[in-house]
Amino acid sequence: KPGDDDTDIKWEIAEPDKLKEKIDGAHRDTEDGRDQFLRITRYCKRWKDFKFADTDKGRPTGIALTVMALKGFKPCLKDELTNATKIDDLKALLGLANYILDQFGWASNRISYDLPVEPRNNLFAKMTDVQSKTFKQKLENLKQVLEEASDEPPPGEDLGVDRQRGR
């Protein structure tokens, strides 16, 4: 700022281009995997916007969720029993939610996750203990809802109901 002492100036190395390359190169091995990665990452960001709509402080950043998805996202593109193509966004999202929850300390409600490029800072460093706990609780609620949804049969699947008798 104008008038500040020059001794207070601090320069940090940053590599935004390398981060962009990592994100753009994520899950490029298949088109379906890349598309699913983008959908799940986008969903996480919208979930964050919806669940933390009442505050700007203490909510996870979109870049933090994206960076966690780089490592924590596992594509779910095949049926495990038949090996047939079956894109399962619900399972992929549940896997990412579990991965993020695993990043919280087991004895605390704090989360720590570093940027994979310089300056390699903790993306959650500015969160207070209360904000971190709130984030964890909201993630646990998301996980519970996703697990309940995964227990339900897919739409249109025959439930063995005798439609003529209404059973």
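This report describes the fold, core, cavity and selected residues of a predicted model.

The model is predicted, and local features are reported at pLDDT of at least 70, side-chain atom pairs only at pLDDT 80 or more, while totals for chains, interfaces and linings use all residues. Residues are numbered from 1 along each chain as its sequence is written, and side-chain values use heavy atoms, with hydrogens and water left out.

**Overall fold**

The protein chain contains 5 helices and 0 strands, in the order α-α-α-α-α along the sequence. Helices (H or I, at least four residues) and strands (E, at least two) are DSSP runs, numbered from the N terminus. Of the 167 residues in the chain, 29% are buried; buried means under 20% relative accessible area, exposed over 50%, and partly exposed in between, with a 1.4 Å probe and protein chains only. Among contacts (heavy atoms within 4.5 Å) with a separation of 6 or more, 61% link residues 24 or more positions apart.

**Nonpolar core**

In soluble globular proteins, nonpolar side chains tend to be buried together. A nonpolar core is here a set of buried Ala, Val, Leu, Ile, Met, Phe, Trp, Tyr and Cys residues joined through side-chain atoms within 4.5 Å. The largest one has 34 residues, of which Leu96, Ile100, Ile111, Phe124, Phe135 and Leu139 touch the most other members. At least two residues of this core come from each of α1 (16-24), α2 (31-51), α3 (62-72), α4 (89-102) and α5 (129-151), and α4 gives the largest share, 7 residues. Beyond residues up to four places away in sequence, Phe124 touches Pro60, Ala64, Met68, Arg110, Ile111, Tyr113 and Phe135.

**Cavity**

A search of the whole structure finds 1 cavity of 30 Å³ or more. On a 1 Å grid over the protein atoms alone, a cavity is a set of points where a 1.4 Å probe fits but cannot get out, and lining residues have an atom within 4 Å of a point. Grid points are joined across faces, edges and corners, and a volume is the space filled by probe spheres set on the points. The largest cavity has a volume of about 50 Å³. Its lining consists of Cys44, Trp47, Leu65, Leu93, Ala97, Ile100, Leu139 and Leu142, with α2, α4 and α5 each giving two or more residues. The largest share of this lining, 3 residues, comes from α4. By class, the lining has 8 nonpolar, no polar and no charged residues, where Ala, Val, Leu, Ile, Met, Phe, Trp, Tyr, Cys and Pro count as nonpolar, Asp, Glu, Lys and Arg as charged, and the others, Gly among them, as polar.

**Selected residues**

| Residue | Relative accessibility | Class |
|---|---|---|
| Lys48 | 9% | buried |
| Cys44 | 9% | buried |
| Cys76 | 14% | buried |
| His27 | 18% | buried |
| Arg120 | 45% | partly exposed |

Lys48 belongs to helix α2. Apart from neighbours within four places in sequence, Lys48 is in contact with Arg59, Pro60, Thr61, Gly62 and Leu65. The structure holds 0 disulfides, a disulfide being a pair of cysteine sulfur atoms within 2.5 Å.

**Backbone features**

His27, in the loop between α1 and α2, has a positive phi near 55 degrees although it is a residue other than glycine. Arg120, in the loop between α4 and α5, is likewise not a glycine and has a positive phi of about 55 degrees. Pro119 also lies in the loop between α4 and α5, and a cis peptide bond with omega of about 15 degrees joins Glu118 and Pro119.

Conventions:
On a 1 Å grid over the protein atoms alone, a cavity is a set of points where a 1.4 Å probe fits but cannot get out, and a pocket is an open set with protein on both sides within 12 Å along at least five of seven lines; lining residues have an atom within 4 Å of a point.
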